Amino acid sequence: MESAEIRRRIVEYLKSVGSASVYEVAKAIGLSYGSAQWHLYVLEREGIVFSVAKGKKRIVMLKDSLDAYIKTLKVRDFFRDFW
């Protein structure tokens, strides 16, 4: 599968679920964890997705969903997750 196709499938998956960990994206698309990390890195660099650390996990969502995510958080929770 080509890189563009993999990234398109990742975007479609994130549209359907809202947000997911890197592991969940890898499992859903059928990629290794490292491959999923790389494609998500490229998508984040291109401004398509946004990621936030939540504990030891990295949660990824479409940049369009960022506003909805922020509205669900209290200010203290946002800064805790952001840093």
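Predicted model: local features only at pLDDT ≥ 70, side-chain atom pairs only at ≥ 80, totals over all residues.
Modeller: Residues are numbered from 1 along each chain as its sequence is written, and side-chain values use heavy atoms, with hydrogens and water left out.

Colleague: How many helices and strands does the protein have, and in what order do the elements run?

Modeller: Helices (H or I, at least four residues) and strands (E, at least two) are DSSP runs, numbered from the N terminus. Here there are five helices and three strands, and from the N terminus on they follow the order α-β-α-α-β-β-α-α.

Colleague: At what angle do helix 2 and helix 3 pack?

Modeller: One compares axes, which are lines fitted to C-alpha atoms, for helices over the stretch in contact, with angles from 0 to 180 degrees between N-to-C directions. Helix 2 (residues 22-29) and helix 3 (residues 33-45) pack at about 105°, and their axes are 9 Å apart. The two helices are therefore roughly perpendicular to each other, a label given to angles of 65 to 115 degrees. On the side of helix 2 the contact (heavy atoms within 4.5 Å) is made by V22, Y23, V25 and A26, and on the side of helix 3 by Y33, A36, Q37 and L40. Of these residues, seven are nonpolar, one is polar and none is charged, where Ala, Val, Leu, Ile, Met, Phe, Trp, Tyr, Cys and Pro count as nonpolar, Asp, Glu, Lys and Arg as charged, and the others, Gly among them, as polar.

Colleague: How many salt bridges does the structure hold?

Modeller: A salt bridge is a side-chain nitrogen of Lys or Arg within 4 Å of a carboxyl oxygen of Asp or Glu, and the structure holds two. In one, the side chains of E5 and R8 meet at 2.5 Å, N to O; in the other, the closest N and O atoms of E12 and R8 are 2.2 Å apart.

Colleague: Where in the protein do E12 and R8 lie?

Modeller: Both lie in helix 1, four residues apart, about one turn of the helix. E5 and R8 are also separated by about one helical turn, because they are three residues apart in helix 1 (residues 3-17).

Note on methods:
Parallel < 35°, antiparallel > 145°, perpendicular 65-115°, else oblique.
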